[in-house]
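Here is a short walk through one protein model. Keep the sequence and the coordinates in view as you read.

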Amino acid sequence: MISLEQLSPLGIGTSRVASLGSRLAPAAFAEMLQVAAEREVNLIDTADFYGSGDAERLIRKGIKATGKPFFVVTKAGQPYVHTPGWLSPLNQLAKKVKQRSGAKNNYTSAYLIRSVQKSNQRLGVEAADALLLHEPTWHDIAHADPWEGLATIRKQGLARYTGVSSNDYRVVEAGLASGQVQLVQTTVSWRRPNPIVALCQAHGVPVLANMVLQPFSALQPTFARQATAVQQLPGLTGLSLAQLLIGAVLAEKQADIVLFGTSSLGHLQHNMEALRYLPSLPAALPHLHQLLA
């Protein structure tokens with residue numbers, strides 16, 4: 001059983017692995033997990049919302065096939081549609097219809113408890129490694145009782161850890177004050193500091209960074225012009241822009257773990273190579289900021 005202190009600095013996001021158009025076969029996903037385990041990447045990020053539960057089912061099959069231990073973070077609170085069996089691909093179409101019809105996020109205690117029970121069934125576990133509120137805003141939780149729900153979930157043994165995935169400072173602050181947040185997921189990327197990170201660091205709570213590749217398109221032309229100069233810096237031979245964006249967040253201690261979504265083995269392998277550059281990045285970052293300004 002993996003503890004928070006044993007989590008790898010990289011985590012695999014699964015928002016696309018069970019989506020229409022990028023759905024992975026169980027064998028292909030299991031191969032990805034096997035390669036990740038060989039590189040000691042042990043965290044998988046998912047949600048009941050991803051593929052309307054199909055991502056969680058795929059994770060269950062993949063972990064069983066590899067026989068390797070993984071720490072699975074799942075999330076709840078966003079509306080989705082669930083139909084079992086061969087009809088499950090239709091869930092995502094129905095989910096979009098449901099969202100457009102005005103279905104709202106739900107972070108009430110009763111809803112969160114039901115959600116994690118269903119997620120545990122799909123994941124094939126008695127207790128989730130971690131359950132996070134899925135992107136709540138302050139308005140979303142103003143009249144709900146999410147912290148009470150997370151407390152009940154831990155008390156009943158439905159999740160080992162609880163927390164929140166949000167970019168709303170007030171939500172994270174309230175969660176930390178409640179004592180029910182041991183893990184926070186938020187958006188962090190190079191040259192875009194997030195005050196939530198400092199808040200979590202002050203409370204000793206690990207941060208999972210999502211959207212680290214968000215600046216990729218904006219930086220790509222500049223990086224292409226400066227690629228030779230970048231890769232001539234000590235220890236950065238062959239560094240790609242994606243690897244820089246992943247590695248820089250870790251090197252600057254803007255997060256404890258960087259998440260990246262992938263549905264491709266080649267993409268997974270490439271991004272994991274970012275760890276090779278971590279020893280050299282701290283000294284190189286001032287130069288990189290100048291080159292890519």
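The text below takes confidence, then the cores, then the salt bridges.

This is a predicted model, in which local features need pLDDT of at least 70, side-chain atom pairs count only at pLDDT 80 or more, and totals for chains, interfaces and linings use all residues. Residues are numbered from 1 along each chain as its sequence is written, and side-chain values use heavy atoms, without hydrogens and water.

The average pLDDT (the predictor's confidence in each residue, from 0 to 100) is 91. Residues 93–99 stay under 50. Where pLDDT is low, the predicted coordinates should not be read in detail.

Turn to the interior. A nonpolar core is a set of buried Ala, Val, Leu, Ile, Met, Phe, Trp, Tyr and Cys residues joined through side-chain atoms within 4.5 Å. Buried means under 20% relative accessible area, exposed over 50%, partly exposed in between (1.4 Å probe, protein chains only). The largest core has 59 residues. Leu10, Ile153, Val172, Val184, Val258 and Met272 touch the most other members. Apart from it lies another core of 19 residues, including Phe223 and Leu285.

Now the charges. A salt bridge puts a side-chain nitrogen of Lys or Arg within 4 Å of a carboxyl oxygen of Asp or Glu. The count is 6. Lys75 pairs with Asp45 at 2.9 Å, N to O. Lys75 is buried at 1% relative accessibility, and Asp45 is buried at 4%. Glu56 meets Arg122, with the closest N and O atoms 2.6 Å apart. Glu56 is buried at 0% relative accessibility; Arg122 is buried at 7%.

Conventions
Contact means heavy atoms within 4.5 Å.
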